[in-house]
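Me: I've got a model open and want to check a few labels on it. Can you take me through them?

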Amino acid sequence: MGKYANRATGLLVLLVFIWGISWSIYKAALDYTPPILFAGARSLIGGLLLALVLLPVWKRIKWRENWTSYAISALLNAVLFYGLQTAGLNYLPGGLFSVLVYFQPVLIGIFAWIWLGEKMTAFKITGLLLGFLGILVISADSFSGTLSVTGIILGLFAALSWALGVIYVKKVSSQVDSMWMVALQFIIGGTVLVVAGSFIENWADITWNTTYLFGLGFGSTFGIPIAFVIYFHLMNNGEASKVAAFTFLVPLIAVLTGTVFLHEAVTATLAIGLILIVLSIYLVNHRTKYQRI
């Protein structure tokens, strides 16, 4: 049990780090590429690379029995999540939009209670709300520009689609191979996004420089297949709400990355937000003396 706990902790740290630094990497790459084509390309390539690794066990796909599960997962976790996220960033400042997206752990806590039968304690509710408050505090300094109702709606729906996608994958985890689920959802979703992007954007607008290629390469390896394999593995082997609580750390890593590499100042709100997020993770993972027996 101790070995698994240490392994799970290590995977969580790696996941939070990958997603935390990805915001800065993708933001830099988007200066040289249309957004939907970029999202679609990294999703499709990432899914295909993972599928190549999984080819020796292709029989686990069981397409006839599971194609609807793959399609629903692709719709929620790739097409809607990345599509809404990309569109929403055109309407709102990045700081505010990331806060809306990371309302997802709170939604997962609620949905896991409703559909997965996970216990919802006062500690857990308080922890989830404190985590979201911590993100609000961390991102407060970047709230600038005119607020758009359209952008807010898109951000909330992005969080909703991601939360529903994660809960759905955990719900059907006993019926489908989790690795093939990740690969196929991004192959299907990436294809849809690339086709859509080809109609509304222009491939000629891509600047094939080092920044773009690094962003595409990072997203196609670490950002999508590796990160989501880790994420769904942790979700399928633990309480969804507890794993989701750790993703509150992602915006913190994103801010720290900006501080180190972009020389942005460390503010009091960053310190306060960190304290709230740490407290959030403690409360969500807290067990009473009766639960430890």
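Predicted model: local features only at pLDDT ≥ 70, side-chain atom pairs only at ≥ 80, totals over all residues.

Me: Why does serine 69 count as buried?

Reply: Its relative accessibility is 5%, and buried means under 20% relative accessible area (1.4 Å probe, protein chains only). So serine 69 counts as buried. Leaving aside residues up to four places away in sequence, serine 69 touches Tyr168, Val172, Val176 and Met181, contact being heavy atoms within 4.5 Å.

Me: What makes H5 and H7 oblique to each other?

Reply: The axes of H5 (residues 104-115) and H7 (residues 149-171) cross at roughly 40 degrees and come within 9 Å. Under 35 degrees counts as roughly parallel, over 145 as roughly antiparallel, 65 to 115 as roughly perpendicular, and the rest as oblique. H5 and H7 are therefore oblique. Among the residues in contact are Leu107 and Phe111 of H5 and Trp162 and Val166 of H7.

Me: And why is H7 called oblique to H9?

Reply: H7 and H9 (residues 210-236) pack at about 60 degrees, axes 9 Å apart. That makes H7 oblique to H9. Their contact includes Trp162 and Val166 of H7, with Phe228 and Tyr231 among the H9 residues.

Definitions and conventions. Residues numbered from 1 in each chain as written. Heavy atoms only, no water. Axes fitted to C-alpha atoms, helices over the stretch in contact; angles between N-to-C directions. Helix = DSSP H or I, 4+ residues; strand = E, 2+ residues; numbered from the N terminus. Buried < 20%, exposed > 50% of the residue type's maximum accessible area, 1.4 Å probe, protein only.
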